[in-house]
Amino acid sequence: MTQQSAPAAPASSATAGEVPAALPRIALVGVHGFGESHLANLARLEQAGALHLVAVADPNPPETGTLAGSVAVFNTLDQLLEAGPVPDVVILATPIQTHAPLAVAALAAGADVYVEKPPVASMAQFQEVLAAAESAGRLVQVGFQSLGSLALPEIRNTIESGDIGDVLGLSATGMWLRTRGYFKRSRWAGKRSLDGIDVVDGVATNALAHAVATALNMAGAHTVADVASVETDLYRANDTQSDDTSVIRVRTVAGQTLLCALTLCAPEQQRPSVTVHGTRGEMTFFYTEDELVTTTADGERRETFGRTDLLENLLAARAAGTPLPGTPLLSALPDAGAFMCVLEAIRTAPAPREIDAGHVSWEGDGDDAHPVVHGIAALIERATKAQATFAELGVPWARSLPPVRTFDLAGHPVADYQGGSRIRAVSSPRPYLHPVRTLAGTVVTDHQPLDHVWHLGVGVALQDVDGVNFWGGRTYTRAAGEYVWRPDHGSIDRAGEPTEQDGELTENLSWNGPDGAPILTEQRTWTWAAVGPSVWRLTLDFALSPAGNQPVSLGSPGSNGRVGGGYGGFFWRLPECSGARVWTPSEAGESAVHGSVTPWLAWSGGFTGGTFDGGTDVGAVRDGGAATLVFVAAADSTDPWFVRVDGYPGVGQSLAWDAPVIAEPGTPVRRSVTVFVADGILGSEDIETLINTQGDNS
């Protein structure tokens with residue numbers, strides 16, 4: 001229904017004015033769908049003597065007997081307004097694309113407006129309705145019912161009190177399922193536009209819009225001015241225009257990051273929630289039930305709160321008077337500006353990418369059938385924990401993000417060099433290699449895994465550089481005797497252009513503290529070369545020097561008192577690996593090789609979780625394969641191997657196992673390691689032959 005629909009005779013000849021003047025007179029436009037919920041709420045409030053429902057408008061009138069005889073029934077809002085007198089409040093429960101013109105008409109007539117979410121379908125319409133409300137001196141409430149929850153003030157108070165520590169970020173998760181029939185319920189369902197008019201239906205703008213709006217509120221982002229940026233990563237499994245599986249990342253002017261990971265393609269319906277992640281705990285708000293779960297070191301606290309009805313809130317604000325009402329609107333139109341920034345970013349984004357059918361299963365039959373994206377629950381959890389998009393995580397069906405550079409051997413892409421600029425701040429952004437592949441295409445690295453989202457492929461990282469964390473995550477301190485969150489995360493950035501030649505990349509890097517000041521300078525060289533038809537070699541050389549004229553301490557959890565926790569320096573994070581075996585020339589097994597100093601260490605197994613075609617489409621998933629990685633220490637190395645198998649798969653060479661290493665001005669701390677990447681399972685004799693035939697590993 002639009003305001004411009006052709007006039008039609010009203011279904012009832014009654015006017016909308018035959019009620020006592022003392023009670024607010026309410027009109028409802030749109031009586032079906034969510035309009036039925038409004039009818040039920042209006043009946044409740046009318047029974048309580050709070051208002052009078054005087055009229056409804058809908059081209060499909062309600063069934064006879066649904067409404068009291070005193071309620072006038074019209075086909076359009078135009079007819080309702082022309083019949084007079086103008087209602088005090090007009091509720092709009094109509095299709096998204098009609099909200100703006102209907103709201104402007106109601107405001108111009110002198111009514112206050114309650115408009116369902118999303119309030120309008122574009123930022124231009126938002127500004128238009130804002131201007132109309134200001135010009136008319138009227139109120140507009142947006143139907144984000146969750147914003148009436150009494151839990152929200154409690155959440156704000158808890159954040160301000162510091163009970164959960166400093167806020168690391170917020171995440172909104174929603175895993176619903178919607179059937180084919182859901183997208184057949186109306187012409188506009190599942191549409192980005194209809195007949196050239198913006199609709200902007202979608203998982204974030206409509207179905208789970210409350211998750212986004214509630215999260216923005218909890219992040220302190222209300223108006224347009226509160227939003228610094230919005231990034232979208234939109235996908236669909238349904239045959240629609242709109243997105244049904246998406247990540248939205250919002251950065252606020254106040255410095256908060258909000259990651260919304262939402263889907264309508266879950267295997268089963270789950271309660272949507274918003275979580276505030278703090279350094280000392282977290283709060284999860286299940287907004288559909290007004291339940292707040294607060295978790296700290298003291299335990300878990302569950303509370304259920306009441307909710308203020310938004311229509312009652314609007315009536316109270318009207319009664320308090322304007323322009324300075326004593327009762328503020330809980331979901332005022334200007335405070336929907338932050339949400340409109342999200343909607344506008346989605347509206348102007350490229351069309352959602354279709355999820356490849358090989359990653360989707362359909363359950364049910366006919367209009368009851370619904371798609372399930374494989375592994376979507378784990379992907380949403382990983383995205384929210386890493387504050388990363390599906391594309392940044394390298395999800396196989398997601399858009400491919402170009403690396404800074406690809407290491408290539410005779411047409412085989414064997415490693416992608418990532419700059420690290422998309423990594424969240426508390427994961428210590430830094431350059432790294434991922435994915436690294438065998439010559440046959442088996443991927444042997446992982447990045448931002450759910451267990452440690454700050455693990456980034458292959459690279460160099462240290463947890464304690466003069467007190468600055470260049471590893472990511474919590475910091476282990478001797479004083480605390482445990483891992484704690486601290487505002488101590490640094491970043492490693494390129495300094496100048498790299499030097500490149502065939503099979504070699506040399507770059508200068510700056511290790512910068514949280515304030516951006518350089519602490520270390522690094523010269524890093526990657527070299528890569530084919531060794532045979534199924535083996536290639538990767539060598540990393542790096543030299544760390546103080547950025548200033550004072551010594552710099554290079555440490556680890558091990559050097560700060562955590563026994564066996566001496567990781568730092570070179571580190572290789574592996575993906576899931578079946579039948580993993582790790583060994584050195586003399587020992588085998590994690591407990592035996594962890595902390596050992598040996599010429600080489602090998603890892604073999606079946607890598608089934610992430611393999612890529614070695615041809616032109618490097619993002620295409622194919623069957624996994626067996627592989628062996630051989631880590632070879634420099635001839636004079638005394639650094640112990642750091643090995644994890646059971647907890648997570650990773651191998652490093654510890655630069656500061658149980659004591660810090662001091663980088664002196666003019667005397668860089670130098671390290672070198674070579675890794676042979678082989679298809680298939682190698683034995684010790686194969687490895688010795690491989691190493692010996694390569695001479696000095698150059």
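Rings of Phe, Tyr and Trp, the last taken by its six-membered ring, are paired if their centres lie within 6.5 Å, and a pair whose planes are over 60 degrees apart counts as edge-to-face. In this predicted model, a search of the whole structure on that basis finds 13 aromatic pairs.

Begin by selecting Tyr-182 and Phe-183, whose ring centres are 4.9 Å apart and whose planes meet at 85°, so that the pair is edge-to-face. Both Tyr-182 and Phe-183 are buried. For another arginine placed over a ring, go to Arg-271, which lies over the face of Phe-286 at 3.8 Å from the ring centre.

Next, select Tyr-235 and Trp-397, which form an edge-to-face pair because their planes stand at 80°, with the ring centres 5.1 Å apart. Tyr-235 belongs to strand E10 (residues 227–236), while Trp-397 is in the loop between helix H11 (390–393) and strand E20 (405–409), so this pair ties together parts that are 162 residues apart in sequence. Both Tyr-235 and Trp-397 are buried.

Then show Trp-471, Tyr-567, Phe-571 and Phe-642 together, as these four residues form one aromatic cluster.

Finish at Ser-122, in the loop between strand E5 (112–115) and helix H4 (123–136). Ser-122 has a relative accessibility of 5% and therefore counts as buried.

Definitions and conventions:
Residues numbered from 1 in each chain as written. Predicted model: local features only at pLDDT ≥ 70, side-chain atom pairs only at ≥ 80, totals over all residues. Heavy atoms only, no water. Phe/Tyr/Trp six-rings, centres within 6.5 Å; stacked < 30°, edge-to-face > 60°. Buried < 20%, exposed > 50% of the residue type's maximum accessible area, 1.4 Å probe, protein only. Helix = DSSP H or I, 4+ residues; strand = E, 2+ residues; numbered from the N terminus. Lys NZ or Arg CZ within 6 Å of the ring centre and 35° of its normal.
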